[in-house]
Amino acid sequence: MVPELKDALHLDLETGSIVNLRKTGPFVYGEHWSTRINCACFARGDRPVERWRPRDHKGGYKDVPEAVQRAADEGVPFVAHNVGFERALILTQLSVKYQWPILPIDRWYCTAAMGAAMALPRAL
């Protein structure tokens, strides 16, 4: 059963790498030296979308976007399209370099999986 997602934090990461994500999967991709986070876009509930870019920060706890940290602390669900990718990149990149919070799997909801469960096309 899906909880109320009205106040959820919606997250999308944009990345780059010389690694072929489709061939390696998200964890190998995320751990590769060439992989970088270009930006993270997120919005909590119906609030405006915010953008965070690593190049604007030097690393450290204070560099976690306030909305992301607050959502993690308050226990709200996190939503992404293909959660496996976002989780892998948070674990391999953002938590390591910028101290982003690591959430338990049961706090994540995947819109790709929800769509697949409704027999919607898997391609974006």
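Which elements cover the buried residues of H3? The cover includes E1, E2, E3 and E4.

## Basis of the model

This is a predicted model: local features need pLDDT of at least 70, side-chain atom pairs count only at pLDDT 80 or more, and totals for chains, interfaces and linings use all residues. Residues are numbered from 1 along each chain as its sequence is written, and side-chain values use heavy atoms, with hydrogens and water left out.

Helices (H or I, at least four residues) and strands (E, at least two) are DSSP runs, numbered from the N terminus.

## Helix H3

The buried residues of H3 are Ala67, Val68, Gln69, Ala71 and Ala72. Buried means under 20% relative accessible area, exposed over 50%, and partly exposed in between (1.4 Å probe, protein chains only). After H3 comes Gly75, with a positive phi near 80°.

## The strands

E1 and E2 run antiparallel and are joined by 8 bridges. Strands pair if DSSP finds at least two bridges between them. Within this pairing, Leu13 stands opposite Ala40 in E2.

E2 also pairs with strand E3 (residues 50-52), in the antiparallel sense, over 3 bridges. Here Arg51 in E3 is the bridge partner of Cys41. The hairpin of E2 and E3 has 5 residues between the strands. In this hairpin, Gly45 takes a positive phi near 60°. As background, side chains in a regular strand alternate between the two faces of the sheet.

## The nonpolar core

The largest nonpolar core holds 29 residues. Such a core is a set of buried Ala, Val, Leu, Ile, Met, Phe, Trp, Tyr and Cys residues joined through side-chain atoms within 4.5 Å. Leu11, Phe78, Leu94, Trp100 and Trp108 have the most contacts inside it. At least two core residues come from each of strand E1 (9-16), strand E2 (36-44), helix H3 (66-74), strand E4 (78-80), helix H4 (83-98) and strand E5 (108-110). H4 gives the most, with 7 residues.

Take Trp108. Leaving aside residues up to four places away in sequence, Trp108 touches Leu11, Phe78, Ala80, Val83, Glu86, Arg87, Ile90 and Leu103. Contact means heavy atoms within 4.5 Å.

## Helix H4

H4 has a kink of about 45°, centred on Ile90. The bend at a residue is the angle between axes fitted to the seven residues ending there and the seven starting there. H4 spans only 19 Å between its end C-alpha atoms, whereas a straight helix of 16 residues would span 22 Å at 1.5 Å a residue. The expected span is 1.5 Å times one less than the number of residues.

Buried residues of H4 include Glu86, Ile90, Leu94 and Tyr98. Gln99 follows H4, and its phi is positive, near 60°.

## The aromatic cluster

The structure holds 4 aromatic pairs. Rings of Phe, Tyr and Trp (its six-membered ring) pair if their centres lie within 6.5 Å; planes under 30 degrees apart count as stacked, over 60 as edge-to-face and the rest as tilted. One of the pairs is Trp52 with Tyr98, edge-to-face at 5.1 Å centre to centre and 80° between the planes. Trp52 sits in strand E3 and Tyr98 in helix H4, 46 residues apart.

Trp52 also pairs with Trp100, edge-to-face at 5.2 Å centre to centre and 65° between the planes. Trp100 lies in the loop between H4 and E5 and Trp52 in strand E3, so this pair ties together parts 48 residues apart in sequence. Trp52 is buried, with a relative accessible area of 4%. Trp100 is buried too, at 3%. Ring pairs link Trp52, Tyr98 and Trp100 into a cluster.
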